Amino acid sequence: MPYGEKTKEELLEYADKIFDFFIKKDAKAVVMACNTTSSVIYDTIKNKYPLKIYPIIQSAAEIIAKLPVNRIGVFATHATVNSNVYKNEIQKYNPNMEIIQIACPEWVRIVEENKLNQPQSIIQVKNKLEEMLEFNPEKIILGCTHYPYLIDILSKFAPKEIFIDPSIYFAEFIKDDLIKNNLTEKSDGTEEIYVSSNPEGFHTSAEMFYEIKNTPALKTFD
């Protein structure tokens, strides 16, 4: 962590371990929720595993491209910005859409380390937002899973409705696609959470955004 500072080779190594684990668990579909992995390695691995893979950028871009706007900003990691995947995927469906991209690597640590209320964090977020607003975007994509947790800070300096959390579009895309491909099941379901290390630390951090009700379900994988 953060993935945005990893090389493509490192991300591919992580992917091999994670996807092999999912295959052993008989997964039928995998959500690639990380913007960085979607932008850097999805094209390399999309046909490598016997699983349905949903990448966040490529899935959400088709919906975002249909928004009635002409200029969209993207806040993301260096890796996602350098890949130009948001720009390329949106313009695939809307060639006239203008895309402005700005990397905000420090934002990940602000969220991970729960420093949202610290003055220095607010200054860092405000400075990047002011840089983006110089381009007069009509909407701004929060192109990292961590960034929507900064919405309270961002909305102090710009209208809240200008920001796009792509995960919302992503969830709708997955839901519709699972139904279309008859991959849904009528049951309450269960959840198991696996992490690469330090499940206790993850449990503490996760409480910022998700209630893990069944602690024994939190495990490490190898």
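# Salt bridges, surface and a cavity

Visitor: Is Asp177 buried or exposed?
Guide: Happy to start there, with the note that this is a predicted model. The relative accessible area of Asp177 is 9%. The limit for a buried residue is under 20%, so Asp177 counts as buried.

Visitor: Which residue forms a salt bridge with Asp177, and how many residues apart are the two?
Guide: The partner of Asp177 is Lys52, with the closest N and O atoms 3.4 Å apart. Asp177 sits in helix 10 (residues 166-180) and Lys52 in strand 2, so this pair links distant parts of the chain.

Visitor: Which strands does the salt bridge of Arg71 and Glu98 tie together?
Guide: The side chains of Arg71 and Glu98 meet at 2.6 Å, N to O. The two residues are 27 apart in sequence, and because each lies in a strand, the pair ties together strand 3 (residues 71-76) and strand 4 (residues 98-103).

Visitor: Why does Asn136 count as exposed, and what is its phi?
Guide: Asn136 is in the loop between helix 8 and strand 5 (139-143). Its relative accessibility is 57%, and the limit for exposed is over 50%, so Asn136 counts as exposed. Although Asn136 is not a glycine, its phi is positive, at about 55°.

Visitor: What accessible area does the nonpolar surface patch with Phe209 have?
Guide: Phe209 lies in the loop between helix 11 (199-206) and strand 8 (218-220). At 43% relative accessibility, Phe209 counts as partly exposed. Tyr149, Met208, Phe209 and Tyr210 form the patch, and their accessible area together is about 380 Å².

Visitor: How far apart in space are Ile64 and Tyr169?
Guide: Ile64 lies in helix 4 (residues 56-64) and is buried, at 0% relative accessible area. Ile64 and Tyr169 are 105 residues apart in sequence, yet their C-alpha to C-alpha distance is 7.9 Å.

Visitor: Which residues line the largest cavity, and what is its volume?
Guide: The lining consists of Pro2, Gly4, Glu5, Thr77, His78, Pro105 and Val108. These divide into three nonpolar, three polar and one charged. The volume of the largest cavity is about 30 Å³.

Notes: Residues are numbered from 1 along each chain as its sequence is written. This is a predicted model: local features need pLDDT of at least 70, side-chain atom pairs count only at pLDDT 80 or more; totals for chains, interfaces and linings use all residues. Side-chain values use heavy atoms; hydrogens and water are left out. On a 1 Å grid over the protein atoms alone, a cavity is a set of points where a 1.4 Å probe fits but cannot get out, and a pocket is an open set with protein on both sides within 12 Å along at least five of seven lines; lining residues have an atom within 4 Å of a point. Grid points are joined across faces, edges and corners, and a volume is the space filled by probe spheres set on the points. Ala, Val, Leu, Ile, Met, Phe, Trp, Tyr, Cys and Pro count as nonpolar, Asp, Glu, Lys and Arg as charged, and the others, Gly among them, as polar. Patches are made of residues with over 30% relative accessible area and no salt bridge: like charges are joined within 9 Å, nonpolar side chains (Val, Leu, Ile, Met, Phe, Trp, Tyr) within 5 Å. Accessible areas come from the Shrake-Rupley method with a 1.4 Å probe; for residues, only the protein chains shown count as cover. A salt bridge is a side-chain nitrogen of Lys or Arg within 4 Å of a carboxyl oxygen of Asp or Glu. Helices (H or I, at least four residues) and strands (E, at least two) are DSSP runs, numbered from the N terminus. Buried means under 20% relative accessible area, exposed over 50%, partly exposed in between (1.4 Å probe, protein chains only).
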